[in-house]
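Please examine the strand pairing in the structure shown below. The paragraphs that follow take two regions in turn.

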Amino acid sequence: MSPEYGFELIHERDIHEIKTHGRMYEHTRTGAKLLYLLNEDENKVFGITFRTPPADSTGLPHILEHSVLCGSRKYPLKEPFVELLKGSLQTFLNAFTYPDRTCYPVASQNRQDFLNLIDVYLDAVLHPRLTETTLKQEGWHFELEEPGAPLQFKGVVFNEMKGAYSSPDNLLGTYTLQELFPGNPYAFDAGGDPRVIPRLTYEHFLAFHHRYYHPSNARIFVYGDMAPEEMMPVLQGYLEDFDRLPVESAIPLQQPFSGPRQVVRPIVAGKEPDSASKGMVTINWLLGETTQKELNFALHILEYILLGMPGSPLRRALIESSLGEDLAGEGLGTELRQIYFATGLKGIDPDHTSRLEALVLDTLKSLARGGIDPSMTEAALNTIEFRLRENNSGHYPRGLLLMLRSLTTWLYDGDPFSLLAFEEPLETVKSLAKGEKGYFEDLLTEHFIDNPHRVTLTLKPDPELGERREKAEAAELERFQQGLDQRQLQELADQSKSLKTEQTRPDPPEHLAAIPRLRLQDLDTQNKLIPATSQDLDGVPLLCHELPTNGIIYLDLGFDLHALPPDSLPLVPLFSRALLEMGTSKEDFAALSRRISARTGGIRPERFLSAKKDRREAAARLFLRAKALPHQIPELVAILKDILLEPALENQERFRQMTLEEKARAEHHLIPAGHQAVALRLKAHFSEAHRAAESMGGIGYILFLRALARDVQTDWPKVLVQLERIRQTLISRRLLQLNLTAEEGLLEQAKASLGALTADIPDRAVEEAPWNWERLPSAEGMTVPSQVNYVGKGTDLFQTGYRFHGSALVIARYLRNAWLWNQVRVLGGAYGAFCSLERFSGALTFVSYRDPNIVPTLKAFDASADFLKNRALADDEREKAIIGTIGELDSHLLPDAKGFVSLLRTLTGDTDASRQQMREEILGTEQRHFREFGDILEALRDSAYIKVLGAREAVDKVRSELPPNLDIVQIL
């Protein structure tokens, strides 16, 4: 076949499972591989991926991922990536470092914007500038303010990985790979070990790019409604500069172990009395190759059988053992060359490792000998098949999900279509499961019980470890500094000053102008509307959305939480889990979970809390979100009736297990997502919606769960009364809102079945409970064992009389990308910083992420006012900020998300008319709006609230520079 634009078509096929025509090409000159998935999805995705196996733990692949986006041959700016963020309609723009690859994906619904993004990304990865300054900024460098000052390590990735190494869950994943793959590139941390990152030299940095970032080592992916003849000239324009080269980047197979191994590693822990019992233990197996497609699908199903449901046998054995608090381990890992399986417990005493190991092995042996309950297999098969057919990627573009799935085999020279076209391997597995007695039992025996490649990994809490590491780092820096003479110290200080000068140097206007972007006239002036019709179903409000859902019916049931008093709200998350995970009067929780998995597409709880437009009160709902195929709707309705009307809430032991799971999850989520906890704690000052959300998902929730765990043990009758009171209050037709999203014809079918549900829900009279809370401290230092900080400052814009105007969204976005990025990330070395405005409550929050600083970050937040007031904003900058804001407003939504978002807008009073007004205000944002917003921030600067999450030592070190009324609260 003759080449098209330098590409030769190797193979093509229709993939009807995802309504896509797939083509596989190879670039004749360079050998670059191209996978093209052509379909009708307007949310187009492009990605270029390189195999990048690490040879050490300096984080070279990760640092290079950051660095190639900091200027290139065609776009010699300091950070083209940030300029794209400022002014693109992108629906995804990021990069990923995996243990063996680096991916650069972009997505947009706009054709020209999509081409612009691709152009900048291709130039970035193939022709980056990679200056020594870039390595210092993004990787690491010595920072010395003056010759007599203490020497420090600084760098974005250095501090990012300090945060990662403060998270036990992250370390568990890192150590699992290191121990399962000791003779393999996976034994190194591609993200970077903070203790090793400073060994990275500029020469190795350049050599790594030269070795691996070549088209001969590239896998290019295109997805969506853009024809190949539009895309291929763009690709050819970049690839024609290169010749084919041999690139040694293949990932070797790990040699199997001759017998099981046991490993103990320390992890950072808090100094609370029970910290010694907060270990983690997992049992880990290396399985077959990822490219074995039938095995791949079979193991996914087996994982769901073992762990996927509350009543799954291995999950149940682990939780009911009382050895720990919640599951630990990834489960099935299928993104590397060889599949692995990892499971165990967190919140476990490390001395109980042997008991846990015996429990896991005995459970698997019992299943292999005695057989797996056929209803478990049926439930797993239905759930996995439903997920594959639904192809729901949540907030991410569908094409991104498919790109990552194709790479699972393609990266290792397998067929990229093999997991996308899932029907054939899935049918093979289903046939084997039905035709061969003991199919999954045989998999258990072969891949688990008789498999010697097994590692039992124990993470042992060490309250002194963090302090020892900080002291070791300080001692290393001190030794290095003492080995320098005065001239060398001055040179280091000059280099630090020079780096800051370079970082603060503005890009030349001609370089900024070179970045391709849209213009305001390219934007739609009208919002995209979501079809919605309001109806009444036996006195219950029903909102219906006719949308293309691929034959799936989405049903949301929302109950108004305003009927509950504030002291009941923290119990709502566990109450909602109890409805689905404690069984009913008809069946225990294991049977219920199997029934949900086998007969529906799933049911999950979700809370929604928001201030209402032009009102301070909250829109507050507890939702049960369900999905099913048309023939499953009657059974879905029957299940919903059972869990709402006849839940079995009295099982103390089961509720104790759920409480400990919830507590462990909240505690382990805190450090990786510290910025979210800080933002939520700040916003809790400004509206009842935010305060309620904090009590159900923030720092306040963690403190509540600890008290609840004690109460469940010592005063169960009191807890049971509270649960039953919530059920009796909340499950009322007068508090119910229904939401349906489906295709034409299926809406009426679903509504016909819903009558059987609404008719049986009690029509209880309810009164709205007043929500009053004690005031939180205005300044808090919340301490956790972390090597980095999360710093926040927040204020209520509405207290000045300000009323929301669409320009405020443009300004908040501009502050994030133009001011905070430079001050907190580039100069300060934090991994990220955010400015967020809640337009209905007036809450404006500034938050940093994985931040080595506290006081300099707070000063940067405060200086935002002067930045806005004094900034001579060019029209191009203003337009880019507007375009980026419109891009956020027009973010791509899948059909189920569209229906749900439409409901949330209805509940908050966010009408189509008000959203159109907001769009017009965004498009009309002027220079004066920035100055006026700066005046507001200046007026509020001294009354803002401050929250810091970080190590006690870090807070104490700067205590004198923080507000004198700062409350110190130990969280972990």
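Five bridges connect strand S23 (residues 790-796) to strand S26 (residues 945-950), and the two run antiparallel. Helices (H or I, at least four residues) and strands (E, at least two) are DSSP runs, numbered from the N terminus, and two strands count as paired if DSSP finds at least two bridges between them. Within this pairing, Val791 stands opposite Val948 of S26. S23 also pairs with strand S25 (residues 843-849), again in the antiparallel sense and over five bridges; here Gly792 stands opposite Val847.

The model is predicted: local features need pLDDT of at least 70, side-chain atom pairs count only at pLDDT 80 or more, and totals for chains, interfaces and linings use all residues. Residues are numbered from 1 along each chain as its sequence is written, and side-chain values use heavy atoms, with hydrogens and water left out.

In a regular strand the side chains alternate between the two faces of the sheet. Both faces of S23 are covered, with Tyr790, Gly792, Gly794 and Asp796 buried on one side and Val791, Lys793 and Thr795 buried on the other. Buried means under 20% relative accessible area, exposed over 50%, and partly exposed in between (1.4 Å probe, protein chains only).
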